[in-house]
Amino acid sequence: MPCLFRAIDEEESEVARDYIWLSLLTGARKSNVLAMRWDEISWERNEWRIPDTKNDEPAIIPLIERAVEILKSRQRKTNSEWVLPSPSRNSSTGHLADPKKAWKRILKRANLYLWDETPEYHGLISDASAKVNEPKTVDRLFSACLAEAKAKAVKLPAGLMDIRLHDIRRTLGSYQAITGASLPVIGKSLGHKSQQATQIYSRLHLDPVRESMERATDSIFTAGRKTKR
């Protein structure tokens with residue numbers, strides 16, 4: 001996760017970077033975050049009212065402090081009706097459509113950081129980098145590392161390339177469960193219409209309960225095994 005967060009922070013597309021952070025901080029669906037409008041934001045209540053969701057119902061998303069900071073920063077830089085306006089003048093919607101290219105760059109950069117932190121791959125990364133012509137883009141460096149690994153018969157670990165944008169939304173739900181939030185609260189946060197959609201987090205929701213029980217029973221048995229002097 002530190003490698004991924006560092007890669008997100010260093011993404012050159014500011015609008016794509018802010019989209020990813022807002023997705024993580026709100027847990028909202030991709031289509032809703034992309035189409036976020038300024039008139040949907042309540043600064044007085046720090047809320048985002050989504051007028052239309054996948055469930056054909058409006059939804060109100062609480063905006064935590066970090067999300068508000070990103071939004072205020074964006075508001076100072078744009079006069080668009082969209083929070084995440086499209087960088088393209090030929091956009092059919094006016095807002096960011098799909099940050100797939102930026103996401104691939106982020107994953108590649110995160111992989112490079114991850115591999116570089118592993119001593120056995122550090123030399124390979126350096127050798128590959130030395131063979132890349134300027135400008136040394138993330139795409140070029142990543143491809144060079146794969147080629148260097150193949151030439152040296154080094155099997156690189158899978159890394160982070162299989163993470164999908166939708167997994168950002170799941171990350172919020174997962175950490176809500178891990179930190180003890182109830183399933184109804186998680187479902188409300190993610191805009192689930194039925195509890196069945198939230199059941200995927202039930203195991204994670206029980207993890208802190210299990211850990212608490214283990215600590216308690218360990219203490220019980222420790223106390224029970226103490227011998228009198």
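**A helix pair and its chain**

Author: Cys 3, Leu 4, Arg 6, Ala 7 and Ile 8 in H1 are in contact with Trp 103, Ile 106, Leu 107, Arg 109, Ala 110, Tyr 113 and Leu 114 in H5. The model is a predicted one.

Reader: How many residues of the contact of H1 with H5 are nonpolar?

Author: The contact of H1 with H5 includes no polar residues, and 2 of its residues are charged. The nonpolar residues number 10.

Reader: Are H1 and H5 parallel, perpendicular or oblique to each other?

Author: H1 covers residues 2–9 and H5 residues 100–116, and their axes lie 8 Å apart. The packing angle is about 130 degrees. Angles of 65 to 115 degrees count as roughly perpendicular and those over 145 as roughly antiparallel. The two helices, H1 and H5, are therefore oblique.

Reader: What is the handedness of the crossing in which H1 passes H5?

Author: The crossing concerns the way H1 passes H5. Its hand is right-handed.

Reader: Which pattern does the chain follow along the sequence?

Author: The chain has 10 helices and 3 strands. Read along the sequence, these elements give α-α-α-β-β-β-α-α-α-α-α-α-α.

Reader: What radius of gyration does the chain have?

Author: The C-alpha atoms fill a box of roughly 75 × 55 × 30 Å along the principal axes. For a compact globule of 229 residues the radius of gyration would be near 17 Å. The chain has 22 Å.

Reader: What percentage of the 229 residues is buried?

Author: Buried here means under 20% relative accessible area. Of the 229 residues in the chain, the buried ones make up 40%.

Conventions: Residues numbered from 1 in each chain as written. Predicted model: local features only at pLDDT ≥ 70, side-chain atom pairs only at ≥ 80, totals over all residues. Heavy atoms only, no water. Axes fitted to C-alpha atoms, helices over the stretch in contact; angles between N-to-C directions. Helix = DSSP H or I, 4+ residues; strand = E, 2+ residues; numbered from the N terminus. Parallel < 35°, antiparallel > 145°, perpendicular 65-115°, else oblique. Left-handed = near helix turned anticlockwise from the far one by under 90°. Contact = heavy atoms within 4.5 Å. Nonpolar A, V, L, I, M, F, W, Y, C, P; charged D, E, K, R; others polar. Rg over C-alpha atoms; globule rule 2.2 N^0.38 Å. Buried < 20%, exposed > 50% of the residue type's maximum accessible area, 1.4 Å probe, protein only.
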